Amino acid sequence: MRRSVITFAAAVGLVMPLAAFAHHGGAAFDSGKTAVLKGTVVEWIYSNPHCLLKIDVTGEDGKVVQWIAEGQAPNVIFPGGYRKDTFKAGDQVTVTVEPVKNNQPMGRILQTVLANGKVLGRASSAGSDEAIQRR
């Protein structure tokens, strides 16, 4: 029994640092660049480790592209005004994101404006207020 406990503890000790190392940083995002997305909410996923807002955005060419806007965990974005029921499918929103570098329709949320004009704060701990002001 003692050997099993020691083996388990050793395995956890080896795996935990790998799991912590595997969590991504901000390298995928194009810092300083912003994209303003005006579109229709498809889905709002309010859960750990990241909240996700799926939005259908109609481009200038008339094609609809589904964007995924990422926020931090609920406890991090709560002070910015984000709640489990903030978005419903069909809601019209304007979201400013810091897009990913590989030109996929993804980015992290810097600011959200709801259809009623209410402005929600940052949904991540990264990015800068200057980037929002430059848009």
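The largest nonpolar core of this predicted model comprises 20 residues, a nonpolar core being a set of buried Ala, Val, Leu, Ile, Met, Phe, Trp, Tyr and Cys residues joined through side-chain atoms within 4.5 Å. Leu53, Tyr82, Phe87 and Val95 have the most contacts inside this core. At least two of its residues come from each of β1, β2, β3, β4 and β5. Strands here are DSSP runs (E, at least two residues), as are helices (H or I, at least four), numbered from the N terminus. When neighbours within four places in sequence are left aside, Val95 is in contact (heavy atoms within 4.5 Å) with Ala35, Val36, Leu37, Leu53, Ile55, Ala69, Ile109, Gln111 and Thr112.

The model is a prediction in which local features require pLDDT of at least 70 and side-chain atom pairs count only at pLDDT 80 or more, whereas totals for chains, interfaces and linings use all residues. Residues are numbered from 1 along each chain as its sequence is written, and side-chain values use heavy atoms, with hydrogens and water left out.

Strand β5 (106-114) is mostly covered, with seven of its nine residues buried. Pairing of two strands requires that DSSP find at least two bridges between them. By this criterion, β5 runs parallel to β3 (residues 64-71), to which three bridges join it; Gly107 of β5 is the bridge partner of Ala69. Seven bridges connect β5 with β4 in the antiparallel sense, and Thr94 stands opposite Val113 of β5. An antiparallel pairing over two bridges also links β5 to β6 (residues 119-120), where Leu120 is the bridge partner of Thr112.

Six residues lie between β4 and β5 in their hairpin, and four between β5 and β6. In the turn of the latter, Gly117 has a positive phi of about 95°. Asn103 is exposed, with a relative accessible area of 71%.

A further backbone feature concerns a proline. Asn48 and Pro49 are joined by a cis peptide bond, with omega about 0°. Pro49 is located in the loop between β1 (35-45) and β2 (51-58).

How values were computed
Buried < 20%, exposed > 50% of the residue type's maximum accessible area, 1.4 Å probe, protein only.
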